[in-house]
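Hi everyone, thanks for coming. Let me put today's structure up on the screen, and then we can walk through it together.

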Amino acid sequence: PELLKVLKDLEEARSQKRVMEVGKALSSLNIEAETLFVQERLIKATAISGLLPLSSSLMDGLLKKGCVPSDIAYTALCKSLRQARRLTQLNELLHRLGETAKTTQINTIAFNTYLAALCDTVTKQDPQRRRNLKMEDIGQLEKARSYLTPGKAFKCFRVTPDESSYATVLHAAASVGNRGMVNDLWNEMRQEDIIPNRYAYNALMKAICAEGPDYDDEAIDLLEQMRKNPFLQPDRYTIDLALLPIVRVQGVERVK
């Protein structure tokens with residue numbers, strides 16, 4: 001009953017001060033004596049509320065016992081660590097999850113959250129600042145890209161990259177105009193028999209269009225590939241990117 005009351009207080013907390021007060025009350029309880037189901041929900045609730053030390057402590061306790069909590073628990077913690085920019089802690093969590101899982105794979109959402117956190121250093125900046133990125137920012141992008149090297153993500157975290165993994169890093173590479181990285185990732189994705197989603201296509205389109213008029217035909221060909229695929233129709237972002245190449249090659253009438 002006391003735990004339920006504290007959880008209700010956490011749900012109803014409307015200020016950071018109140019959240020911290022409830023967090024202190026939670027810390028005083030013998031949470032480790034609760035069932036796995038309850039602890040998993042507590043990890044999620046405290047992560048979402050911003051009580052990262054408590055959420056991480058609960059996660060640490062389960063992992064030390066050789067127990068991997070459900071996806072809802074560790075993905076919530078991963079997302080909160082990303083928001084707090086705790087990249088080292090996020091990396092360590094994924095490593096420990098992979099080591100503890102042993103025979104099962106970690107949910108790809110957790111891995112993709114880490115990739116997105118690494119890419120935030122470039123995608124969250126305005127276009128003007130991207131022209132003068134620091135070596136540290138570029139290093140984070142290259143680190144994200146390295147985890148897509150075939151077999152590395154599984155070796156490090158017991159996870160297999162999916163189309164969203166590639167799309168995340170493709171978008172970041174295209175945002176900084178790294179056409180070489182975009183091409184390498186695109187080819188690698190196809191070699192791994194991963195079907196690109198719309199976001200991956202849009203990233204490739206962005207990289208192509210940034211190359212200028214000499215690549216207009218390539219951009220138009222890519223747009224036609226998307227149009228011919230009933231499961232991969234262009235969205236507004238695709239059209240916005242391809243609009244200028246279409247006008248330059250086919251004229252304004254074609255756009256109409």
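Where is the place of Met-226? Met-226 sits in helix H14. Please keep in mind that this is a predicted model.

Met-226 has a relative accessibility of 0%, and buried means under 20%, so Met-226 counts as buried. Who are its partners? If we set aside the neighbours within four places in sequence, Met-226 makes contact with Arg-198, Tyr-201, Asn-202, Leu-232, Gln-233, Pro-234 and Thr-238. Take Tyr-201: Met-226 and Tyr-201 are 25 residues apart along the chain, with 8.0 Å between their C-alpha atoms.

H14 runs over residues 216-228, and at 1.5 Å a residue its 13 residues should span 18 Å; the end C-alpha atoms are 19 Å apart, which agrees. Along H14, the buried residues are Asp-216, Ala-219, Ile-220, Leu-222, Leu-223 and Met-226. Those residues cover an arc of only 160° around the axis, so they lie on the same side of H14. And what covers them? The cover includes helix H13 (198-209) and helix H15 (236-250).

On to the largest pocket, which holds about 160 Å³ of space. Its lining consists of Ser-164, Ala-167, Thr-168, His-171, Asn-197, Tyr-199, Asn-202, Ala-203 and Tyr-237. Helix H11 (163-175) and H13 are the elements that give two or more residues to this lining, and H11 gives the most, with 4 residues. By type, the lining has 4 nonpolar residues, 5 polar and no charged.

Note on methods
Residues are numbered from 1 along each chain as its sequence is written. This is a predicted model: local features need pLDDT of at least 70, side-chain atom pairs count only at pLDDT 80 or more; totals for chains, interfaces and linings use all residues. Side-chain values use heavy atoms; hydrogens and water are left out. The expected span of a helix is 1.5 Å times one less than its number of residues. Buried means under 20% relative accessible area, exposed over 50%, partly exposed in between (1.4 Å probe, protein chains only). The arc is that of the directions from the helix axis to the C-beta atoms. Contact means heavy atoms within 4.5 Å. On a 1 Å grid over the protein atoms alone, a cavity is a set of points where a 1.4 Å probe fits but cannot get out, and a pocket is an open set with protein on both sides within 12 Å along at least five of seven lines; lining residues have an atom within 4 Å of a point. Grid points are joined across faces, edges and corners, and a volume is the space filled by probe spheres set on the points. Ala, Val, Leu, Ile, Met, Phe, Trp, Tyr, Cys and Pro count as nonpolar, Asp, Glu, Lys and Arg as charged, and the others, Gly among them, as polar.
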